[in-house]
Amino acid sequence: MNQWLWLIPGTPLLGSLVIALLGGLLRREHIAVLACLAAAAAFLVVLLAWLAGAASQPLQQTLYTWVAVGDWRPMFGFMLDRLALVMVSIVSGVGLLVHLYSVSFMAEETDQRRYYFFLNLFLAGMLLLVLADNLLLLYLGWELVGLCSYALIGFWYRDPVCSNAGRKAFIVTRIGDTALALGIFLLFSQFHELSLSALLTDAAAQWEKGSALATVATLLILGGAVGKSAQLPLQVWLPDAMAGPSPVSALMHAATMVTAGVYLIARTHPLFELAPQTQWLVAAIGALTIVYGASAALAQIDFKKVLAYSTISQIGYMFLALGCGAYALALFHLTTHAFFKALLFLSAGAVIQASRDEHDINKLGKIGHHPPLARWTFLAGAASLAGVPVVTAGFYSKDAILATAWSAPAGPLLWTFAAFGALLTAIYIFRVYLIVFHGAAPQTSTLSLPYPMSVPLLILALLSIISGFIELPEGWPGPHLWSPWFEEELGLATFPSLTITYMLQLIAALLPFIGMGLACVLIRRERANQPLPLANFLRCGWNFDAFYQATLARPYYALARGLRGIVETLLIEGALTRITCGLLAFATFCRKGVEYNVLEVSISRLVATLRFAYTLLGTTQNGVLSRYALVISTGAVFFLGYWLW
Amino acid sequence: MIPLSHSLAIAALLFVLGLAVVLLRRELLFILIGLEVMLNGVALTATAAGQYWGNADGQVLVIMLMTVTAAEVAVALILVWLAFDHYRAARVEALTQLREETERRTS
Amino acid sequence: MHSADLINLLPYLLPATGGLVILILSIWPKRVSTRFLSTTALTFLLLGATATLLWQVPGAVGSLLVIDEISRIFTLFFMLGAAAIMLLSFGYAPIRNELHEEYLSLILFATSGMALLVSSNNLVSAFVGLEMLAVPLYALIAWQPTRYGAIEGGIKYAVLASFAAAFFLYGVALAYASGGTLDLAELNTIASSASLLPVAITLILIGIGFKVALAPFHMWAPDIYQAAPSPITALFASLSKAATLVFLIRLLCLQLPLIWEALLPLLWGIALISMIVGNLLALHQQNLKRLLAYSSVAHLGYILVALSAGNSAGRDAAIYYAVTLAIMNLGVFAVIVAFTRRDQDRENLTDYRGLGRRYPVLGIGMGICLLALAGLPPTAGFMAKLFAFGAAIEAGNVILAIVAVINTALAFFYYLRVIGVLFSEEETAVGTSLTAQGPLMVIIIAMILVIGLGIFPQWLLGLLEPP
Amino acid sequence: MYWLSVLIFLPVLGALWIGVIGRNKTDFTRWAALAVTSTELLIALGLWWNAAPNAEGYYYLMRVPWIPAMGIQFLLGMDGISLLLVLLTALLGPVAVLVSWHAIKQNWSAFAALLLATQTGIMGVFLSLDLVLFYVFWELMLVPMYFLIGLWGHERRLYAAYKFFLFTLTGSLLMLIAILGLYFIHGEQTGIYTFDYFELLQINLPGKTELWLMLGFFVAFAVKIPLFPIHSWLPDAHTEAPTAGSIFLAGLLLKTGAYGLLRFCLPLFPEASLDFAPIGMTLGVIGILYGALLALVQEDMKRLIAYSSISHLGFVVFGIYAWNQEGLNGAVLLMLAHGVTTGAMFAMIGMLQERSGTRLLTQLGGLLSPLPRLASLLLLFTLSAMSMPGLANFIGEFLVLAGVFQISAGFAFAGALGIITGVVYLLWMYQRAMLGEITVQRLWTDLNRRETVLLGALALAVLWLGLYPAPFLDNLQIPVTALIEAKNAVPTGSINALR
């Protein structure tokens, strides 16, 4: 199996190459089929890898020497350990489903060649990222997925909103990427080595716990992860990225690409363990982002933006787990999240497409004829997202994170944030569900989805429900497959004492129901057509009724608004705009000031001086013979004077 | 016996006198005369030095000088005559067709 | 006088005899065709050139003339150069119908004077050579007096050249007064004791400086370049300058090294002024011939950069530079002659617009010669500058070398301007159709020499190498 | 090895051939020029194939006396660095011919002759190891380039051509002085007067003199690279030059400056260069940021790429003065990558201009749908220029920054900022040109076969350099090690004289 490893990223890459080079010769439908085949082939190879025993013994393959500088020769090589295996499975699996879904979803688009090219390329890049055995190759995949994200967000490039969103996504993540690159430089300058296994061993051997270098290096890596995973403070690009097609949002901006940051930190966790401060920072960022994302999602009226903020918030849980040292649990939540969030996006996409690209949830609610399958699958995803106890996968993964957060430094605080986030999650997702599917119009539609769309939805819905059963919560009887399997690579999470754990689990189990209830109340007030007290919220489209205002407390509302208004708009957007404007102004100043005024002028000064000298000398040459003779004599006098003197 | 330095001084004076004529007068004919005076200063130097050193080189120099100058002046006079013929002028100010015209060329 | 002396004298005698023969032919009762006259003149020149090959080197004619490799090469060069000037004259429309016998004989006399000058070992013979060169030129400048500025140019040159000759002669007389001899070799033996000798040589330097147009004695040059018929300007710019320069080199470097050393600061100063003044004045010049006059001033400055180094490298560089400068100028003026209108030269640069596109061979030839003047490798002009600046640096004159380099960069500006005009898109009216073969031949030969000497400078350097 | 001289003289002979018999035979000239440049490329590839280094790392050497009196030789040598740059030069030859195919409307024979003559000059610069010979070629390449800009350029071509010529010339004349100074000092020390590079490497200079001589060389190279205050010729020259001229300028001429630093500045004057390294790196970082900043506010695409070249060459200088394995390897690799990428970008802008008649970003837009092939290839090269991993520029910039990081993290951070700004202006350019609504309605024709083949070849080169640069880097092993040895040989006490 070792020598076939390259096929995993290789097949989608081949697919994209074929589409790029020969796509002109193929019909539209065939391009889609070709892309699906490429994705399916990658998934098949992954399955074969499972069968070949990758789960017990890491696979490795080195293709060739990539760079040769002195004695440093990084290889183009792959490593498939358990961490990578899980990631590869999710990426190729969800990727395949999204490809399938796209066949129908994008059937009407004219420019399928570009779409599938980038989709396949994305798959290749993401698989490369997780398979890379050195940081350089990882960085290649890292940038490649960023590029595909850019290209696909801006898929409808004629709309400036789309291309701007793509550019914004690329630039913001590039800021994080540069931090990551600097981190790589730092590691390289310290160890002269970028191979992951060697690097991590060396670091553990040479750096003491808490050393400054480790802190700096991990901070820089964290910068990259934060950018890619849309965490505070670099989350601004993700809501805008919803301008892309829904399958793209499902695949990249929910299931796979945005979790690359989580993967990166999990992959380099030995470094983070050397830097406890950074690790705590990871947890803190995660906790803050949970509340931020959930509260912002509360106020959205755009269907997909709710899901985008939800993604931000959910990845916050993963960061929280990472920060608490529960890498396996982060990965667990990553897995379940990949399923239910992809499901949510895909069903939302189906709903939106059925309603002629209507994104406003209120209008969607009024339209009322959504495909029933989409409704039920959305409900499954929503339940999983909200963490409805026992029956959904989201409950198991989120609950474990909540429990482990308690035992971290400042654990109760982190836990409070996370639990509060869970409550908000339940509120916003059920609010959306109720508004869209239990809107004014009765649900009468019998619109059925084509197979390429319905099959992925059903598979994902199934996974969203059952995938949690492989790891039951701490202290419960039943299978505990996940954490022990990862123990060798990622270590075990710590939990508080059993009593507290049970308590926490109880609270976590209650939260979705409270949230659901609150959502119902929220919706009822809305149906009763309670007027909104603040007109500007209305203008903003924040459709909250009086009940919400009264009971769920103004502070939260203010906080949500504040988070959106102050943090995002003012601080980050504002700062970005300021910086951009400032840079532009400075650049213009350089062009006008330095380029023209200083450099050009100094040249023209020089020219003018020369011209002046020419004129001066020229006027002496007035054509009068005596003048010439005089000059000659003067010269002679000076020459002879040299001897006298 | 007059010392060499005296005759050299006289000759230098003659040379400078001729020089002054060339520089100060504006009539072409006077300028030519001034040139002749300068050359006479040279001739005097050569003669005096020839007498001082007691060899014939000085005289040779003077003879050559006179011959060549005669030819030179002859040609120069023809040119002056031509100038007078064409321009009705024998002053240097009239002969300024050829000059640097800086003020016109500003581009 | 031995027969060997006679052979040695042949190169001087032949052109002069040629001049006399042509003058006699002119009083021949029957009208002699110009073709016959010019063939005669060319024959005498070629014979003179051949005669130089018969020289036994080193040799001497009495104590007046010294015959060595330098004089051989330059005499040969002058003979061929004069032939080239004649070829140019036949292709030069404004005076083509005025090519009387006197014109040819004057050129022959001037050639004889140049030959005399480069071999002089005696101040008297140098003076004679100088005047034999100068006096025919007075007449040649004013040839066909109805041309614009012809008479004025003639008068200016006659008066100023006589003026400068007076300084030269005064220097000669003073040198005689201080040393009692006019023989350069003998003067060298008393150089250390004769206090007046440096002053005398300075006066001679002024005279020579005028002839080669060193600043501040350069002011005649643009006017005369403009006034003279272009072939005669070519004679000025290339042959006459080279001859005088070689005499200067012989005087200072070969015969009176002690005086040379004493004069170095002066040479340094002249070099500096010449480069700067020449380039500045050429910078915005619109008249091509005046531009070339000023650029020649600058070039003489570069040559003095080499001479002011005061070492053998400087001397060789100056000789090499003198030859190449002459060839390059000859090439440029050949093109000017070829492009001339029926009745007058093209004066302004604007008159040359687009001609290089229409006549590519002439255009490229001129371009190469101009770039060589600017000092671009791999032309002879570059090698000359390399040797010259190298000599300066070897002598430690780094500042002078840097000034020279900056001036070179400055000079590129105006040379490129000319080339740009030549190849610009809009064209001026062409005027005459160019049929003259003479200038074309000259420019092609000049082009080959400029590039050949640039790539293989040892052709020339090897010849100058003392055995 | 006489093949080296074939490499140099083949283009110029081709130029003569075309110039003499090609008048008014446009079709013949095109194919002849293509044949000559392709042969050149084949020869260069053959030399690469057969390369076997000697002890000093030189694959081929050729030594013929030229002017023995002055100790000037016709000394050519090819080591790894030269080999890579020669390959680049040979590669861009056919590219330049092909992009000019229909773009040059008049006087094709003269154009082709000048193009080939430029190639000769550049080849000579990369191969000569005698300082006078080097100088000869260094100047020689300017003249045909001057004419290329001055005769076939755009509106302000004469101004641009003058500026180009005079800037570079002034710098190089100062280098001439330095060369002569080196020559005489070496002659006085050893009694052997020679311009032989290998001999001059043995020279031992007093501190101040070394610094001044080094500066003489540095100024010449800095103008060519170009570094910050003396860069102002470059945008003008690039903007006004015809496409092929821009390709040669950006792809090759700028590289000669960096090559000069590597070949002459560092090994000949190790001590002074080491003292100078902080200043060199500062100039590099100023170039990176300044170029990137100004590229952001350009409307003219060519000008934008010109400023981006300043930025990229800043990285090269950065790497050179970091002076360690990664920095030097990265600098050379980045030179190659930049040559290919920027050459391709200029070619594409030329094609765009042929189609739309403008290079102004304000007048372009939405060309992705009518010109999908052009747009996607432009995206590829744009991505390469913004150092997307897997494409050409990435490894070079990565190595440079990794090298710089070992010297100073602050410099590396500033350089990394340059990468971010690079993304900003390149994406902004791409978006304005290719995305959005079409502003001009006309009959658009996508790339034809000639253009596709040409750009496809460059795209392959970009991918090769990005995905498998090891074969190129292998060539640098010996020369870079030699450079580092030269640095290590500097006595430790002498550093900090300048700081």
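**Figure 1. Chain B follows the pattern α-α-α along its sequence.** The secondary structure of chain B amounts to three helices and zero strands, where helices (H or I, at least four residues) and strands (E, at least two) are DSSP runs numbered from the N terminus. The model is predicted: local features need pLDDT of at least 70 and side-chain atom pairs count only at pLDDT 80 or more, while totals for chains, interfaces and linings use all residues. Residues are numbered from 1 along each chain as its sequence is written, and chains are lettered from A and ligands numbered from 1 in the order in which they are written. Along the principal axes, the C-alpha atoms of chain B fill a box of roughly 65 × 30 × 25 Å. Chain B has a radius of gyration of 19 Å, whereas a compact globule of 107 residues would have one near 13 Å; this radius is taken over C-alpha atoms, and the globule rule is 2.2 Å times the number of residues to the power 0.38. Of the 107 residues of chain B, 36% count as buried. A residue is buried if 20 or more other C-beta atoms lie within 10 Å of its own, exposed if 12 or fewer, and partly exposed in between, with C-beta atoms placed from the backbone.

**Figure 2. B:Asn55 lies in the loop between helix H2 (28-53) and helix H3 (57-87) of chain B.** B:Asn55 counts as partly exposed because 15 other C-beta atoms lie within 10 Å. Leaving aside neighbours within four places in sequence, B:Asn55 is in contact with B:Gly50 and C:Gly180; two residues are in contact if their C-beta atoms, placed from the backbone, lie within 7 Å. The C-alpha atoms of B:Asn55 and B:Gln97 are separated by 48 Å, although the two residues are 42 residues apart along the chain.

**Figure 3. Chain C meets chain B through 38 residues of chain C and 36 residues of chain B.** Helix H6 (123-141), helix H7 (150-179) and helix H10 (220-227) of chain C each supply at least two residues of the side that touches chain B. The largest share of that side, 18 residues, comes from H7(C). By residue class, the side of chain C that touches chain B holds 25 nonpolar, nine polar and four charged residues. Here Ala, Val, Leu, Ile, Met, Phe, Trp, Tyr, Cys and Pro count as nonpolar, Asp, Glu, Lys and Arg as charged, and the others, Gly among them, as polar. H7(C) has 30 residues and reaches 42 Å from its first C-alpha to its last, close to the 44 Å expected at 1.5 Å a residue; the expected span is 1.5 Å times one less than the number of residues. Of the 30 residues of H7(C), 30 are buried. Just after H7(C), C:Gly180 takes a positive phi of about 75 degrees.

Figure 4. Most residues other than glycine have a negative phi, and most peptide bonds are trans. C:Ala213 is buried because 27 other C-beta atoms lie within 10 Å.

**Figure 5. Helix H18 (residues 449-467) of chain D has 19 residues and reaches 26 Å from its first C-alpha to its last.** Its buried residues include D:Leu454, D:Leu458, D:Val462 and D:Leu465.
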